[in-house]
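Me: I would like to learn how to read some features of a structure, starting with the packing of helices. Could you take me through them with the model in view?

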Amino acid sequence: MSDDPETLRQIEELAHDDRPLLVLDVDDVVLDFIGPFPRFLEAQGYELRFNSPRLHGNVFDLSSGAAAEAETVSALIDDFFHGQADWQTMTEGAADAMAEIAQQAEIVLLTAMPHRHRETRRAYLNALGLPYPLLTTEMPKGPAIRKLRGDTGRPVAFVDDQPRNLISAGESVPDAHLFLLVKDSRLRALMAPPPEELIFVKNWHEALPLIKHALGLAGT
Ligand SMILES: [Mg+2]
């Protein structure tokens, strides 16, 4: 599995930290995506149909009813991330949970999006009062998480809403605690049963005590 060189460069810039490590996806873990994205689409004349847990193939032109071409969907996603501060709200419970965990652990945000959107997302996270380091990757997340852990055997927990990202993490860091957070009941209904090694949670209220326990933090 290859590493994203830009992600590795971003990791090199982080301050050294050997406390337990919590890695968080951003979309639908820290910032809402599947709520606001359909509203954004409607404003552009499209709709998202929940036929499968994918975006491509499920975006339709509201006037013609035709499925949008792959390039159109990609362009709409790009526009959404460009204007994310106008659309994306904070995931309920995320800020308080992060503030509590950050007292005893390192938190790093790892978002799978084109590197060119990093500054936009950084600025928006700052505006929301979320100072945690933000990394972008255009490749599988596992190698980045292995690199983030460093040479120590410190505990690692990772929260994402996409099983494939968690599976990638498990391949690179076999003892990582992998949390599948899926808030949206429509998406939960469409998902295949997750692999056994993933810890399934529906919201941050459920996730917080489990993450603290997995990382061996006090107060669990
Ligand atoms: Mg996500």
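Me: At roughly how many degrees do the axes of helix H1 and H7 cross, and within what distance do they come?

Reply: Two packed helices are described by the angle between their axes and the distance between the axes. Here the axes of helix H1 (residues 5-12) and H7 come within 10 Å and cross at roughly 20 degrees, where axes are lines fitted to C-alpha atoms, for helices over the stretch in contact, and angles run from 0 to 180 degrees between N-to-C directions. That makes H1 roughly parallel to H7, since angles under 35 degrees count as roughly parallel, over 145 as roughly antiparallel, 65 to 115 as roughly perpendicular and the rest as oblique. Helices (H or I, at least four residues) and strands (E, at least two) are DSSP runs, numbered from the N terminus. This is a predicted model, in which local features need pLDDT of at least 70 and side-chain atom pairs count only at pLDDT 80 or more, while totals for chains, interfaces and linings use all residues. Residues are numbered from 1 along each chain as its sequence is written, and side-chain values use heavy atoms, with hydrogens and water left out.

Me: Which residues make the contact of H1 with H7?

Reply: Contact means heavy atoms within 4.5 Å. Thr-7, Leu-8, Ile-11 and Glu-12 of H1 meet Ala-144, Lys-147 and Leu-148 of H7, and by class this contact has four nonpolar, one polar and two charged residues. For these classes, Ala, Val, Leu, Ile, Met, Phe, Trp, Tyr, Cys and Pro count as nonpolar, Asp, Glu, Lys and Arg as charged, and the others, Gly among them, as polar.

Me: How do the axes of H7 and H8 compare in distance and angle?

Reply: The axes of helix H7 (residues 142-149) and helix H8 (residues 163-172) come within 7 Å and cross at roughly 50 degrees, which makes H7 oblique to H8. The contact is made by Gly-142, Pro-143, Ile-145 and Arg-146 of H7 together with Ser-168, Ala-169 and Ser-172 of H8, and its residues divide into three nonpolar, three polar and one charged.

Me: Which residues coordinate the magnesium ion?

Reply: Donors are N, O and S atoms within 2.8 Å of the metal (3.2 Å for Na, K and Ca), and water is not among the atoms, so sites may look incomplete. In this model the magnesium ion is coordinated by Asp-25 (OD), Asp-27 (O) and Asp-161 (OD), at 2.0 to 2.3 Å, and along the chain these donors follow the spacing D-x1-D-x133-D.

Me: Is Asp-27 buried or exposed?

Reply: Buried means under 20% relative accessible area, exposed over 50%, partly exposed in between (1.4 Å probe, protein chains only). At 10% relative accessibility, Asp-27 counts as buried, and Asp-161 is buried with a relative accessible area of 14%.

Me: What is phi of Asp-28 near?

Reply: Most residues other than glycine have a negative phi. Phi of Asp-28, however, is near 70 degrees, a positive value; Asp-28 lies in the loop between S1 and H2 and is buried, with a relative accessible area of 13%.
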